[in-house]
Amino acid sequence: MSKTNASQIRMLCPAKLNLFLELCKRRDDGYHDIDTVMVAIDLVDELQIRVRQQPGISLQVDWSPSRRELAKQLGVEPSSKAALGPDAHVDPSLAPESAASLLDIPCDERNLVWRAAEAAVKHFDLDFGFEITLGKRIPAGAGMGGASSNAAMTLLAIATLVGRRGDLDSLHGLAAEIGSDVPFFLRLPPAPDPAGTVPAGTPNVSENSGASISPVAWATGRGEVLQPVPIGGRLNFVIVYPAIALSTARVYQGATVPDSPISSAPLRNSLKTLAISEIGQFMGNRLTDPARKIASRIDEIHESMWQSGLKGVQLTGSGSASFGIADTPKSAGLAAETLRQQLCPGARVMTACSLPPPAKTQT
Ligand SMILES: C[C@@](CO)(OP(=O)(O)O)[C@H](O)COP(=O)(O)OP(=O)(O)OC[C@H]1O[C@@H](n2ccc(N)nc2=O)[C@H](O)[C@@H]1O
Ligand SMILES: Nc1ncnc2c1ncn2[C@@H]1O[C@H](COP(=O)(O)OP(=O)(O)O)[C@@H](O)[C@H]1O
């Protein structure tokens, strides 16, 4: 059993985008060996964890902006179970999960925060419990890793509360058991706080993520073997999330492993100099085709994104969100405004930046 160092903690959970994703091999365990490059961005969920005497976990999830406002942007009913927009063109027999509300996040053991907290309680042999509040900004089922980031930060938060935050190697093992993407979020540079300030006594990601490495990682294996990738500055993104949630397992099921997989090496090299057109040229995502087959609206969205002047337009992860790169924050803002006029309601359009690299890799 461990004692706590503090009674509560606040963590910021960044989203990720996959700048590159190639399938290398279908494995016997149901997973794929992949070659992917992930970048953490400044769109963050907010996690508050409080120690309670009573064992067990309680979890409350709220949306920011509000559920009503998000439903308006997405063109769905706030309480509707049928979240598909009228023009989503999704065959429900191919994607039954899309019929579940995009805004209904489970508050029980189906939530990765819950699973991470339970894993941490067991790992650290704790005889007390946690009251957890999750403020969601990262769209769900979008390929932006929201649930994985929440899980990683829950592990870090509890490790910090019990004075074991130096234990990153064993946390990595726990994280990989929860999901292939979870380990990526364990070691990241600080995310800027959307609230502007961090309440006293409640450290944020920067104080809890151990050694910050880089906001970009090259991930292999099933996504859990990580190497930092140097980046010469910050990238500006426009992200479009249609009112569709795609299941990762289902998208992988529909994918074909190429005979000669493409390497992410040219993309990783181009990140050092931050040459935007080169980066755009070397990006790619092998899961785009199976995701488009499930949700053909993705094609229409990509067309609008290319026309708005963005580069490297593609799906992130297994979708359903897509993103493109802009040269400057200003051009990202202008492209986002054009896209909002064309696609909303029916999609959420957001701008974001990659997290700042650690000082030594900055140009
Ligand atoms: C596609 C990616 C790209 O970053 O992200 P998302 O779109 O989920 O954000 C990841 O590979 C997703 O990782 P993660 O979301 O942690 O997936 P997991 O829970 O581990 O796996 C869910 C299911 O996806 C399939 N899967 C996942 C990872 C992988 N390398 N090969 C697979 O075939 C398996 O069918 C697995 O049962
Ligand atoms: N903490 C969480 N936040 C969001 N969704 C969660 C969480 N835990 C479990 N889920 C479930 O997992 C699904 C996908 O997780 P998410 O991370 O949003 O998508 P993706 O894997 O596409 O990046 C959601 O639709 C939701 O039902």
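Figure 1. For Thr248, an N or O atom of the side chain is 2.9 Å from an oxygen atom of the ligand. Tyr252 places a polar side-chain atom 2.6 Å from an oxygen atom of ligand 1. Ligand 1 taken alone exposes 690 Å², and the protein buries 84% of that; accessible areas come from the Shrake-Rupley method with a 1.4 Å probe, and for residues only the protein chains shown count as cover.

**Figure 2. The shell of residues around ligand 1****.** The shell holds 19 residues, of which His32, Ser180, Thr248, Tyr252 and Ser318 come nearest; a residue is near if one of its heavy atoms lies within 4 Å of the molecule or strand. Six residues of the shell are nonpolar, 10 are polar and three are charged. In this division Ala, Val, Leu, Ile, Met, Phe, Trp, Tyr, Cys and Pro count as nonpolar, Asp, Glu, Lys and Arg as charged, and the others, Gly among them, as polar.

**Figure 3. Two cis peptide bonds, ending at Ser320** **and Pro345****.** The bond from Gly319 to Ser320 is cis, with omega near 15°. Ser320 belongs to the loop between β9 (311-315) and β10 (322-326); helices (H or I, at least four residues) and strands (E, at least two) are DSSP runs, numbered from the N terminus. The bond from Cys344 to Pro345 is likewise cis, with omega near -5°, and Pro345 is found in the loop between α11 (329-343) and β11 (347-353). Most peptide bonds are trans.

**Figure 4. Positive phi at Asp125** **and Leu274****.** Most residues other than glycine have a negative phi. Asp125, which is not a glycine, has a positive phi of about 55° and sits in the loop between α2 (112-123) and β4 (129-136). Leu274 has a positive phi near 60°; its place is the loop between α7 (265-273) and α8 (276-282).

**Notes to all figures.** Residues are numbered from 1 along each chain as its sequence is written, and chains are lettered from A and ligands numbered from 1 in the order in which they are written. In this predicted model local features need pLDDT of at least 70, side-chain atom pairs count only at pLDDT 80 or more, and totals for chains, interfaces and linings use all residues, while side-chain values use heavy atoms, with hydrogens and water left out.

Note on methods
Polar contact = N/O pair within 3.5 Å; in protein donor to acceptor, adjacent residues only side chain to side chain.
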